[in-house]
Amino acid sequence: MKNYKLLTPGPLTTTNTVKEEMLFDRCTWDNDYKEITQKIRTQLLELANASEEDYTVVLMQGSGTFSVESVISSSISKNDKVLIVTNGAYGERIVKMAKYIGLNFVQYSIAYDELPKEEELRDIIEKDSAITHIVMVHCETTTGILNPIEMVADLSKEYNKTLIIDAMSSFGGIEIDIQKLGIDYLISSANKCIQGVPGFGFVIAKLNKLVQCEGIARSVSLDLFDQWKEMDKDGKWRFTSPTHVVAAFSKAIDELIEEGGISARYARYKNNNRVLRMRLKEVGINAYISEENQSPIITTFLFPSEQFSFENFYYFIKEKGFVIYPGKLTDADTFRVGNIGEIYEEDIQSLCNIIEEYMGVVTK
Ligand SMILES: *Cc1c(COP(=O)(O)O)cnc(C)c1O
């Protein structure tokens, strides 16, 4: 197989040093391994600006969705009601979970290229006093739109609601001051902006909320409370842990810190994204999300013409060493380019050169 770099929202391109951590088979029972888990949990708290007195970290096997479902099914009881904000497929996936679990919920659905509005949210909350929880996706990876967590966090505080944020594709790439915002549960995974490999997710949880979750879970394997209780003793996971992924993740966090922390990574991603949007615009490929609402993570682009074939485009680019993503919209023909991972401006410039060449080939 020919090598390529991933310009997708995860799994993404990782460093060789991260991959090399997986060449040794570690014992889950051994102290050295359990210490890696504990180190990761401490470092994640630091990255989130959260204190050990108020917050804790729970790692959960599976892809990111498993961690989202773990929070949704372990923290919202039969007597609660959750307001789910949706402007993309990941928000809608949470609605699907709510239906499967049988939760009381209300959906605030907005167009995929629009942000939730404060007045509308306020109206829903004020008219429905049964609402106890609010869930929102931070960066909707469907389009790359960045939702306003400050606004929603302020409302959650004002109305005393429990706030759950799916920050899967943003945590580690965008600074999120969890404690200051008062987020109760923040969910992300190993293979997004921390630049690890896929295999587990994590939840940064407010302790005074998590301790109330005993017995709420509808699934043994996704029981967030039980997972925390076991892991918090000494770093031993409840069931088989993804040892290779955990070791690689530990290295990935160290590399994030070496890079200069989240602010430095944000600057790199932001620049990648700026160059990408600018150069594609020059060849007539426009972004779906307006610049002020665009995340520095992933961008959705409209097809430049009706004859445009994503399939041809994709293989042309893959042949030259990059892999991009198909679009996920039903009302417009789009493709997506992620700019997170071990990706630098020179990679983005190379990609744009390839795309320029392609556009020249098909239009001239
Ligand atoms: C990646 C992602 C998820 C999780 O997806 P998995 O495929 O289960 O890892 C959830 N929410 C958002 C916003 C994401 O970007």
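**Exercise 1.** By class, how many nonpolar, polar and charged residues does the shell around the ligand have?

*Solution.* Keep in mind that we are working with a predicted model.

Step 1: list the neighbours, using a cut-off of 4 Å between heavy atoms. This gives S63, G64, T65, Y90, R93, V137, C139, T141, D166, M168, S169 and K192.

Step 2: sort them by class. The shell has four nonpolar residues, five polar ones and three charged ones.

**Exercise 2.** Find side chains that place an N or O atom within 3.5 Å of an N or O atom of the ligand, and then say how much of the ligand's exposed area the protein buries.

*Solution.* Step 1: look at the ligand's oxygen atoms. One oxygen is 2.4 Å from an N or O atom in the T65 side chain. For K192, the side chain has an N or O atom 2.8 Å from a ligand oxygen.

Step 3: consider the area. The ligand exposes 380 Å² when taken alone, and 86% of that is buried by the protein.

**Exercise 3.** Work out which pocket the ligand takes up and which elements give two or more residues to its shell.

*Solution.* Step 1: the ligand takes up the space of the largest pocket.

Step 1: the elements giving two or more residues to the shell are α3 (64-75) and α4 (89-101).

**Exercise 4.** Describe the span that UniProt annotates as a domain, then locate two backbone features, at P11 and N49.

*Solution.* Step 1: an unreviewed UniProt entry places "domain: Aminotransferase class V" at residues 32-324. That span is 44% helix and 18% strand, with its end C-alpha atoms 38 Å apart.

Step 1: follow the chain to the loop between β1 (5-6) and α1 (16-20), where P11 lies. The peptide bond from G10 to P11 is cis, and its omega is near -5 degrees.

Step 2: move on to the loop between α2 (31-47) and β2 (55-61), the place of N49. N49 is a residue other than glycine, yet has a positive phi, near 60 degrees.

Conventions
Residues numbered from 1 in each chain as written. Predicted model: local features only at pLDDT ≥ 70, side-chain atom pairs only at ≥ 80, totals over all residues. Heavy atoms only, no water. Polar contact = N/O pair within 3.5 Å; in protein donor to acceptor, adjacent residues only side chain to side chain. Areas by Shrake-Rupley, 256 points an atom, 1.4 Å probe, with all protein chains shown as cover. 1 Å grid on protein atoms, 1.4 Å probe; cavity = no way out; pocket = protein on both sides within 12 Å on 5 of 7 lines; lining within 4 Å. Sits in = over half its atoms within 2 Å of the grid points. Helix = DSSP H or I, 4+ residues; strand = E, 2+ residues; numbered from the N terminus. Nonpolar A, V, L, I, M, F, W, Y, C, P; charged D, E, K, R; others polar. UniProt positions renumbered as here; feature names shortened; annotations may be inferred.
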